[in-house]
Amino acid sequence: MSSLSKLRVRLRVNGEEHEMLVPVEKTLLEVLREDMGLTGTKHGCELGECGACAVLVDGKPVLSCLALPVELEGHEIMTVEGLAAAGRMHPLQEAFADLGAAQCGYCTPGFLLAAKSLLEQSSDPTRDEIKDALAGNLCRCTGYIKIYEAVELAARRMRSGSETAPEQAVLYGR
Amino acid sequence: MMGSFSYVRAGSVKQAVAALAHDGARLHAGGTDLLGCLRDRVFDAGSVVSISGIEELGGIAALSGGSVRIGALATLAEIASHPLIRERYPVLAEAAASAASPQLRNQGTIGGNLCQRPRCWYFRGDFICTRKGGSLCYAFDGENRYHCIFGGDGCYIVHPSDAAPALVALDAQVSIAGPGGSRTIAVEDLHILPKQDIRRETSLEAGEIVTEIVVPPPRAGLRSTYRKVRERGSWDFALVSVAIAAVVAAGKVSAARVVLGGVAPKPWRSIAAEAALIGHAIDESAAMRAAAGAVEGAQPLAQNAYKVPLLRGALEEAVMSLARP
Ligand code: FES
Ligand code: FES
């Protein structure tokens, strides 16, 4: 057992090991942003209500504002910075950009990660499954429809393994 | 920012109980309610004792004899998706799936869900209310639309858990470890009313922790359901909720438990609603009688009288959804 107010913490974030000395009461959100410079994870309500701070832990979305880093030693953490691979944006990121599913963008990292976790479990989710999976993320700008459509487009592109153009109706309304 | 504390990672239940004996020690399982309370300064922590690494406290498994053991660290997401729970105890799977948001369900544990602190905005805010050692319940003549209609007495919180009414409906047992050893009680006896002790929501003594829950084997003919009404469809606490477990034999209800959420400081068992069902077929008239029974004796505050018809409606719907197996 240990009982110290500053702790040495080893975290694995986006596939890289990091070791640092942090005050034990700093949340994962604060450590990601302030100590690791990973400011893609957003600071919203800090009370578990908005999902702006969501990251993936072992592939599942969790709220970094309600997590202590020391609790996550030995787990795989992914932030939005880890989504792009080999210089290429993730299909979800491309679909969000193509369809205007981000306006101010503050909520986007949380949505992208929650959606990534969903698409890993189900490659062709229904609209209701998408709504359920994204229910913990708030967006004050888009009205959500573009976000759902972007997740559907990304899922389609990932299934076909190619870049399909968004449908006209999705781009310009019906 | 939260105030500073020291951190203790307990390797066993025994270590956790010993560490909790220190003044100002607070238990950390999934951490979602604890860290929210620390940030809101509902209380401070001298030390945070984490039990999240204690393997024996996790898992969901069938026991010989047909009961199901749910470790205190099982997450709400695990409970909501577990095949055993979904198949045998729909009321519990539905309640767990309706709680909080997907992210919080991945983090929050069943032990923490049962022991979470109230959501009353005065309690969470900068008010030294009776529950925090002050002399007033600010909700009584204040903003009380989300407060209780049963069982309030000096404090008018509702118990926020969805899983608790489901577990009471299923007559589950909860095991507790503490400085004096372990004990097992009915989940029904875990939560207490303000008149019993206004400073806490459970009968846990200082230094005690929930270690596991055991749900008894489903009886032949068991039908169960959870109906929750909330203000936002995406995720929210219950305005009212209804957990029902009924045993139907030869077309009639032979045993039933009806437990209400969101309406009282603890999961509120409605004996009147149960009596209205037992001995009858599940039909509209039974549903209406049960709903009328459930709201008997309700004492709404100035802003929450809407909970009475809402509860009636939710109860009727829940009963009718059990009309077919
Ligand atoms: S910042 Fe974590 S949920 Fe809002
Ligand atoms: S794009 Fe602005 S909050 Fe979602």
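Mentor: What follows is a set of labels, each set against its cut-off, in a predicted model.

Trainee: Why is B:Cys120 called buried?

Mentor: Its relative accessibility is 12%. Buried means under 20%. So B:Cys120 counts as buried.

Trainee: And what makes B:Cys115 partly exposed?

Mentor: B:Cys115 has 26% relative accessibility. The partly exposed class lies between the buried limit of 20% and the exposed limit of 50%. Therefore B:Cys115 counts as partly exposed.

Trainee: What about B:Cys120?

Mentor: B:Cys120 is in no disulfide either. Its nearest cysteine sulfur belongs to B:Cys129, 6.2 Å away. The search over all chains finds zero disulfides.

Trainee: Next, the sheet. What makes strand 4 and strand 5 of chain B a pair?

Mentor: Three bridges link strand 4 (residues 60–62) and strand 5 of chain B in the antiparallel sense. Pairing requires at least two bridges. One of the facing pairs is B:Ile60 with B:Ile70 of strand 5 of chain B. The two strands form a hairpin with five residues between them. In the turn, B:Gly65 has a positive phi of about 100°.

Trainee: How do you know that strand 8 of chain B pairs with strand 5 and with strand 6?

Mentor: Count the bridges against the requirement of at least two. Strand 5 of chain B joins strand 8 (residues 209–215) through four. Strand 6 of chain B joins strand 8 through five. Each pairing is antiparallel. B:Ile70 stands opposite B:Ile213, and B:Val68 faces B:Val215. On the strand 8 side, B:Ile209 is the bridge partner of B:Ala177.

Trainee: Why are strand 4 and strand 7 of chain B at the edges?

Mentor: The order in this open sheet of five strands is 4-5-8-6-7 in chain B, with antiparallel pairing. Strand 4 and strand 7 (181–186) each have a single partner strand, so one side of each is left without a neighbour in the sheet. On average, neighbouring strands are turned by 20° against each other, direction ignored.

Trainee: What packs on that sheet?

Mentor: Helix 1 (residues 13–20) of chain B touches strand 6 (173–178) and strand 8 of chain B. Its direction makes about 135° with that of strand 8.

Trainee: What makes strand 8 of chain B mostly covered?

Mentor: Six of its seven residues are buried. In strand 5 (residues 68–71) of chain B, both faces are covered. B:Val68 and B:Ile70 are buried on one side, B:Arg69 and B:Gly71 on the other.

Trainee: Last, helix 12 of chain B. How do you know that its buried residues line one face?

Mentor: The buried residues include B:Val308, B:Leu311, B:Leu315 and B:Val319. Down the axis of helix 12 of chain B, the buried residues fall within an arc of 130°, so they line one face of the helix. They pack against several elements of chain B, among them strand 10 (240–249) and helix 11 (284–295). Helix 12 (residues 307–320) has 14 residues and spans 20 Å between its first and last C-alpha, close to the expected 20 Å.

Terms used:
Residues are numbered from 1 along each chain as its sequence is written. Chains are lettered from A and ligands numbered from 1 in the order in which they are written. This is a predicted model: local features need pLDDT of at least 70, side-chain atom pairs count only at pLDDT 80 or more; totals for chains, interfaces and linings use all residues. Side-chain values use heavy atoms; hydrogens and water are left out. The expected span of a helix is 1.5 Å times one less than its number of residues. Buried means under 20% relative accessible area, exposed over 50%, partly exposed in between (1.4 Å probe, protein chains only). The arc is that of the directions from the helix axis to the C-beta atoms. Contact means heavy atoms within 4.5 Å. Axes are lines fitted to C-alpha atoms, for helices over the stretch in contact, and angles run from 0 to 180 degrees between N-to-C directions. A disulfide is a pair of cysteine sulfur atoms within 2.5 Å.
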